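Work through the exercises below with the model open. Each task is followed by a stepwise solution.

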Amino acid sequence: MPELNGRDIRKVVISCDAGMGSSVMVASQMRQRLKKYDVAVEHVPVNSIPPDAQVILVHAGLAQRAQSMAPGAVVVPFQIFMGDPAFEKIESAIRDGGVLAS
C-alpha cells in the first residue's frame with residue numbers, strides 16, 4: 001500500500017472519468033487550498049494520469065482504475081464533490097507532515 005509523508009507531496013492529481021464536469025470544481029477548490037503549500041494540482045482523465053503523480057484524488061467509483069494507472073501513487077477516494085472529508089485529509093497531511101496512505 002503506497003504511503004507518503006505529507007511534507008513530501010508536491011503534486012496532487014484530480015482525476016475523473018472524462019476530464020470534465022464536477023471534478024473541475026474539485027480541482028479548483030484544491031488548487032486554492034494547496035497553493036500556500038506550493039503543491040501543484042492537475043486535473044486529468046483517469047486514463048491519462050501522469051507517471052509522476054504522487055497523490056490522486058478521485059471519485060470512489062474510479063479508485064481501482066486510478067490505482068492501476070499509477071500503482072506507486074497514493075489514491076484518495078472521495079464520495080461527494082463539495083466538502084468531502086478526503087479534501088481535508090490531504091490538506092492536513094501536507095500541513096502537518098502526516099502520513100497519507102491509499
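**Exercise 1.** Find the salt bridge that D96 forms, and classify the exposure of both partners.

*Solution.* Step 1: D96 pairs with R95, with the closest N and O atoms 3.1 Å apart. A salt bridge here is a side-chain nitrogen of Lys or Arg within 4 Å of a carboxyl oxygen of Asp or Glu. Step 2: D96 has a relative accessible area of 47% and is partly exposed. R95 is partly exposed too, at 36%. The cut-offs are under 20% for buried and over 50% for exposed, with partly exposed in between (1.4 Å probe, protein chains only). Step 3: widen the view. R33, K36, E88, E91, R95 and D96 are linked in a network of salt bridges.

The model is predicted: local features need pLDDT of at least 70, side-chain atom pairs count only at pLDDT 80 or more, and totals for chains, interfaces and linings use all residues. Residues are numbered from 1 along each chain as its sequence is written, and side-chain values use heavy atoms, leaving out hydrogens and water.

**Exercise 2.** Which parts of the chain does the salt bridge between D17 and R65 tie together?

*Solution.* Step 1: the side chains of D17 and R65 meet at 3.0 Å, N to O. Step 2: D17 lies in the loop between β2 and α1 (22-34), and R65 in helix α2, so the pair ties together parts 48 residues apart in sequence. Helices (H or I, at least four residues) and strands (E, at least two) are DSSP runs, numbered from the N terminus. Step 3: D17 is partly exposed at 48%. R65 is partly exposed at 31%.
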